[in-house]
Amino acid sequence: MKKVQQHYDEVADIYDERYDGSRGKYYHGHISDHVMRELPKDGFLLDVGCGTGLFVQRYVEEGGRAVGLDISPGMVRHGRQRCPESGFCVGTADVLPFKDATFDALASLLAFSYVPDPEGMLRECYRVLKPGGRIAVCTLSRTIFTSIVPVVYQMGEKVGLKKVGVGDFDEHYYTNVEIASLFREAGFEDVSVGRCSFAHLNLADPVFNLARKVEPIIEEKLPYLAYNVCAAGKKPKE
């Protein structure tokens, strides 16, 4: 995780440029839509791997309160600037610095694949959620397209390409069955898993525009081609 922290500290100042253009805003907004629909809108949220606070801002704008946690001090600094009314802290997902049953909702967008101990993270998420609280995780999925991404990113690292997410981080790409099993083993109930995102922001404009048009069809009819997997569940009420 030290390498992940160092990378995101190095790209913290340019991270939001990734989501400032039309492709980036659409891509992150689309993922956020999938996560939001699984969470209560007026609750108290913890966003694990919050980055610069994009989803914290979205959750607060829809009526909730939120705290963000990230391994990168640089990303947390930008989160505090984006959402000064929300709390942000530096930390790792395997030891969450919060009391039991603190939050109504827990989210994690595009960070779960970098966590070396996913079972440990989900145990901590379960602990800090209130009974009846909900969790939604959107992360990298295993597809015929993403199978070559680690090799491309390793090559990018070797040539010194400074781009968000480009590097050899030993990230894991999840199948629906894998992530559903992790959620159930952690104790969550009402577990659901779906796929989202076919219009990836790294695509060239003409390809992105075409992918965006067919994205609803892919997500409904050919979900195994989507780039991300979204899992949701609920902590049982006592």
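Visitor: What relative accessibility does Phe188 have?
Guide: This is a predicted model: local features need pLDDT of at least 70, side-chain atom pairs count only at pLDDT 80 or more, and totals for chains, interfaces and linings use all residues. Residues are numbered from 1 along each chain as its sequence is written, and side-chain values use heavy atoms, without hydrogens and water. Buried means under 20% relative accessible area, exposed over 50%, and partly exposed in between (1.4 Å probe, protein chains only). Phe188 counts as buried, because its relative accessibility is 4%.

Visitor: Which residue forms an aromatic pair with Phe188?
Guide: Rings of Phe, Tyr and Trp (its six-membered ring) pair if their centres lie within 6.5 Å; planes under 30 degrees apart count as stacked, over 60 as edge-to-face and the rest as tilted. By this rule there are seven aromatic pairs. In one of them, the centres are 5.3 Å apart and the planes 65 degrees apart, so the pair is edge-to-face. The partner of Phe188 is Tyr126.

Visitor: How many residues apart in sequence are the parts that Tyr126 and Phe188 tie together?
Guide: Helices (H or I, at least four residues) and strands (E, at least two) are DSSP runs, numbered from the N terminus. Tyr126 lies in helix α5 (residues 118-128). Phe188 is in the loop between α7 (176-186) and β6 (189-196). The pair therefore joins parts whose separation in sequence is 62 residues.

Visitor: Which charged end sits over the ring of Tyr126?
Guide: Tyr126 is partly exposed, because its relative accessible area is 24%. A charge sits over a ring if NZ of Lys or CZ of Arg is within 6 Å of the ring centre and within 35 degrees of the ring normal. At 4.8 Å from the centre of the Tyr126 ring sits the charged end of Lys235.

Visitor: Which residues do ring pairs link into a cluster with Phe44?
Guide: Arg65 lies over the face of Phe44, at 4.3 Å from the ring centre. Phe98 and Phe103 form an edge-to-face pair, 5.1 Å centre to centre with 85 degrees between the planes. Phe103 is buried, because its relative accessibility is 1%. Ring pairs link Phe44 into a cluster with Phe98 and Phe103.

Visitor: What do the buried residues of α8 pack against?
Guide: In α8, Phe208, Ala211, Glu215, Ile218 and Glu219 are buried. These buried residues pack against α2 (22-36) and β6.

Visitor: Which residues is His34 in contact with, leaving aside neighbours within four places in sequence?
Guide: His34 is in helix α2. His34 is buried, because its relative accessible area is 13%. Contact means heavy atoms within 4.5 Å. With those neighbours set aside, His34 is in contact with Arg195, Cys196, Glu219 and Cys230.

Visitor: What is the relative accessibility of Gly233?
Guide: Gly233 lies in strand β7 (residues 228-234). Beyond four places away in sequence, Gly233 touches residues including Ile135, Phe183 and Phe188. Gly233 counts as buried, because its relative accessibility is 0%.
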